[in-house]
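Thanks for coming, everyone. Today I would like to walk slowly through one complex, chain by chain, and then look at where the chains meet.

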Amino acid sequence: MHHAFKLGDAEHNLELSRSASAYRLHLGEQVVDVDLKTGADGRAWLTLGERHIEVVIATRGDDVFVHLDGEAYQLRYQHPLDRLAAQAGGSAEDHIRAPMPGSIVSVTVKAGDAVAKGQTLLVMESMKMETTIAAPRDGTVAAVTYEKGQTFDRDALLLSLEPMEKKS
Amino acid sequence: MKRIESKLNTASAAFQANAAHNRKLAEEFKEKQRAVRHDRPQRDIDRLRQQNKLLVRERIKLLLDPGTPFLEFSSLAANEAYDGEVPGAACVTGIGIVSGREVVINAGDASVKGGAWYPLTVKKTVRALDIAIENRLPVVHLCDSAGGFLPLQADLFADKYMAGRIFRNQCMLSKMGIQQVSVVLGHCTAGGAYVPGLSDYNVIVRGTGAIFLAGPPLVKAATGEEVSVDDLGGCDMHTSVSGTADYPASSEEEAIAIARDIVAQFKRPQKAHTEWQPPEEPHYDPSELYGVLPQDIKQGFDMHEIIARIVDGSRFHEYQPNYGKTLICGYAHIWGYKVGILANNGVLFNDSSLKGAHFIELCNQGRTPIVFLQNITGFMVGKEYERRGITKDGAKMIMAVSNSEVPKFTVMCHGSFGAGNYGMSGRAFDSRFTFSWPQSQISVMGAEQAANTLADVKIRQLARTGKKLSQEEIDAIRDPVLGEFKRKQSAYWSTSEIWDDGILDPVDTRNALGISLSAALNTPIGDPRYGVFRM
Amino acid sequence: MTTAQPDVSKWPFQSVLVANRGEIAVRVLRTVQKLGLKGIVVYHAADRGTAAVKMADQAIEITGPTPVASYLDGAQIIAAAQASGAGAIHPGYGFLSENKGFCAAVEAAGIRFIGPTPEQIDLMGDKVRARNFVEKAGFPVAPSAIEDDDPKTFVERSRKVGAPLLIKPSAGGGGKGMRIVRDLALLEQEIERGRSEGQRYFGDGRLYCERYIENPRHIEVQVLGDGQGSVVHAFERECSVQRRFQKIVEETPSPALDAALREKICETAAGIARSLNYRNAGTVEFIFGQGGEFYFLEMNTRLQVEHPVTEEITGIDLVLQQLRVAAGEKLGYGQADVKSSGHSIEFRIYAEDAARGYTPTTGPILVLHPPQGEGVRWDSGVLQGGEVTSAFDPMIAKLIIRGSDRNDAIARADKALRETVLLGCKTNTAFLRRLLQHPAFVAGDVHTGFLDANPQIAAEPEMPAETLQALLGAAALSTRPMRDVADAVPDMHAAMGGWRN
């Protein structure tokens, strides 16, 4: 399964294909008939097998927001090429992203510094709580994106490490 | 177009017996196919896993669009050759949908002898590329091969349609503006290096993929140079230094995803215009085909019943319904595409031959693709018919078939004997796709006939020297011939030698023809032009 | 209860500048404009295009090193008021609403401050002074002993406070160094430990002790005074459902009070306000123990976030009363004229992830369909097309429900929350629905530690497979790359599906 959506911390692989009249959702070994019809007033009806469910959907970039049965959800699309390229490098550890929105209190490293796993890289503040960001592995700092006092959103790239040398 | 009225009694004992017999044949075929596709010695699978490789069908599954059909060619190629040790001739070919486009897939099966090229592997590959050329279909090569099988090199190297033809075909495709992508998933050595080399785009997997004209052992033997696989022809060298490979990938999944993305860039061809209407399932149940086909090759049956279980709505517009009744001609739709159908309902006589030639001309005039449903023992013989010009009339039909501009499709439903095969667009007559049914037979004449003829020759020979043969001696001459004939006229032999593009379970014929028709219409249909019809 | 429209032409101001943002700015402007007065608002660039700015008759941009700082810049705000000719300033809540310096500067500039006097702000703003004042005035305060008053008798006075008690460092904050003592036999050693911790954390070992109320309920009372001798209360509000000391749900009447206790608390609050000769709207907050005892906690000399629930059961427009008082009018009605009926609950809609420790969330407001219907009120400063950023605090709206009784209100609330569509930024609406279904909440059995004691309410329940499938189906069909791959397949092949020969 090439495509994937991230929902919370979980990644779900899936495919979509056309059927004679609508579409099919492929999840692992399961195949389910699926369709989405949007009405003139913006309300949308999702058909899943035999069920008809009213939904409201909005998208921005790779994010899909769905209101379903009284609750709002956010799914983030992962394009096959991005997902497979990322799997290759362990590059998840190269990019250090903000766990929540906030601002920088202090930065203790700069580009070129060698760091050890667990070493404090920077301290951020959010809603009067301070969070320490530590290095996930040994490495070298490639770039620091924000400086003291600047604000950022959740998932913003705060700092990147040089990719690890791959042993052949 | 009105619906064919079935005259079958599906409750009759004869029907039920036929159905049971043919279902069993279909199941045997499916089981043989399954074994050829999936049964491998565990050590071969383990070896691939250790090399971090996927199996060929896993690769194809990743390559194809989900929820789309795959028409595989010659799945049982080489089943009667090489002691059965080279299932599928160590490669998988077919037409599938990748990123919404119809493509030919040419994939090496490294779980069979490392994917080595046997003579039939080469033949199967050349055939796949011929299909690509004739139908103007892009090609995706999944390259993973150990190279030519040296002990049989004399049968795969030097001749016109042997290994070199693969690369010549690649160049023809390129000249015709038909794209090719290669995904290098193993070693592409010597000739094999030209598959990615002659492809418009190629992707190579880091660690397992390599391209070189000679591998490290041969290089060392030739010049004394010592060099590793990666340094000699690996991913990073070719994608960043030599430029022989276009896209590096860290895994097979990534390489195939990149290949899909490349195919997504291909310009879609304009389809030849042909009559089409929304498809309709046949009115009669296609599984009744099992009951229509007799258990004996010599026994006849009404081809109308076959047509009724293949075409849309079972509707058929019959041409000259009262004339030349041993050849059924008419128009129908298959998966919406309008086609002309020629189907045998007996031996070909003067009138049926003329009718056939004329109808082929009508189809060409209307740019209507033609489907040939074969059950033919041959043209009528005898003095009356020769005086009426049966040879001329057969010639006219063969002339029309040969020069037909519209795409042709042949299904060997039952018997395909002698010159009847020619008139009904056998292999030599450039049908875009040729399929056979499990119980079908193909040979210059029936086995019994041939055995009797050969025994007859011997008997007369010996009679001239005064000898007379006993029944046992006659049997001793007849039986081996009979056995040999029977073996080499079966659908399994034919498909093993790649005289057809695969055996089909009869109920799969409709879909196979639909996919074939759609693929064939990527090539424009030209104006008809014939040679001289001997009048 | 008078609801007649006052004659604003006689008022000393014809325009009001709202020195605030978000939902409260909208709320105040609504009444200002309803009265026919000119509504002016100040805004930082981060709030450009928000509802209040769109709604105001005039909007004046203010600047600052951060967006929050701009709304704290009293001088700039007063300058804006003068430039626009505003006759009065409404400070909303938070920001400068309880800043005595700002209040004084506004009045010194000849502009009416819609709130109490600077002295009243000053007195109630200092917790210790406020507590002492209230105690001297004869109203109940939590028993306590401050070491500084008389270090020699501290231990004895602490013992008199009674158990359970809380030992707090005088120099402390943030909940650090506090110790609960339930067994008075341990009092002296706990005092010693508290002292050494205070020394360690704050460099100061001085302490004070206060009676500790187990599982307290937070009950507050709305008061209104005209500064000319008239003070009334407008009943109580219960605000016990909290997290990190911030309120999430407020309701009135409080399920913890019977008629007698209700009267007692409300009269106590009115009495406190009266003893100040309190001017304008305010709220007296009490800490209420499970045994029915209550003690003064603090007084907020401003309009509160949760004022709408009071409006819903009394029919009083509190902002309108504030404007009247600021215009110099007398209340003109007495306690007997203030009546309540029905039940009202307010839910604060926060941009946060309840399941992940209530972490604030951000994002664009791609779709906003507020709930509608009988008894449903939506007070919000955000609009569809806006953006929730980390520049301001995460409360983006308030859902206020009115019902004939508490169960009716709860039922309407669940329906309204289910129908609320807000896409683009995660909110706590699903969490609020889970809260509404908890039997303790339904029974009215809550206290300020309720959410901490029931972490399963905040936790996200496991997702049924059917919901996951529906989400993935909806997402796949809304994502171009996935849809394009499917749409690219020709009709016939799509109809054949995954056929193999």
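In chain C, which has 501 residues, buried residues make up 50% of the total. Please keep in mind throughout that what we have on the screen is a predicted model, and that the predictor gives the complex an ipTM of 0.93 and a pTM of 0.83. For chain C itself, the average pLDDT is 92, and 98% of the residues score at least 70.

How does the radius of gyration of chain C fit with that of a compact globule? A compact globule with 501 residues would have a radius of gyration near 23 Å, and chain C has 26 Å, which agrees. As for how the chain contacts itself, among contacts in chain C between residues at least 6 apart in sequence, 65% join residues at least 24 apart.

Now let us turn to chain A. Here the secondary structure comes to one helix and 16 strands. The radius of gyration of chain A is 21 Å, whereas the globule rule gives 15 Å for 168 residues, and because the value is well over that figure, chain A is more spread out than a compact globule. Along its principal axes, the C-alpha trace of chain A spans about 60 × 45 × 20 Å. Buried residues make up 30% of the 168 residues in chain A, and of its contacts with a separation of 6 or more, 39% are between residues 24 or more positions apart. The domain assignment gives chain A a domain 1 (3-82) and a domain 2 (90-161), whose C-alpha centres lie 34 Å apart.

Next, the places where chain A meets its partners. Which element of chain A gives the most to the side that touches chain C? In that interface, 46 residues of chain A are in contact with 41 residues of chain C. Several strands of chain A give two or more residues to this side, including β1 (3-7), β4 (30-38) and β8 (71-78), but β6(A) gives the most, with seven residues. By class, this side of chain A divides into 29 nonpolar, twelve polar and five charged residues.

The contact between chain A and chain B takes ten residues from chain A and eleven residues from chain B. On the chain A side, β2 (10-18), β3 (23-27) and α1 (80-89) each supply at least two residues, and α1(A) gives the most, with five. The residues of this side are five nonpolar, three polar and two charged.

Finally, a word on chain B, where an unreviewed UniProt entry places the feature "domain: CoA carboxyltransferase N-terminal" at residues 21-278. Over that stretch, the chain is 40% helix and 17% strand, and the end C-alpha atoms are 35 Å apart.

Notes. Residues are numbered from 1 along each chain as its sequence is written. Chains are lettered from A and ligands numbered from 1 in the order in which they are written. This is a predicted model: local features need pLDDT of at least 70, side-chain atom pairs count only at pLDDT 80 or more; totals for chains, interfaces and linings use all residues. UniProt positions are given in the numbering used here, feature names are shortened, and annotations may be inferred rather than shown by experiment. Helices (H or I, at least four residues) and strands (E, at least two) are DSSP runs, numbered from the N terminus. Two residues are in contact if their C-beta atoms, placed from the backbone, lie within 7 Å. Ala, Val, Leu, Ile, Met, Phe, Trp, Tyr, Cys and Pro count as nonpolar, Asp, Glu, Lys and Arg as charged, and the others, Gly among them, as polar. Domain bounds come from an automatic or database domain assignment. The radius of gyration is taken over C-alpha atoms; the globule rule is 2.2 Å times the number of residues to the power 0.38. A residue is buried if 20 or more other C-beta atoms lie within 10 Å of its own, exposed if 12 or fewer, and partly exposed in between; C-beta atoms are placed from the backbone. pLDDT is the predictor's confidence in each residue, from 0 to 100.
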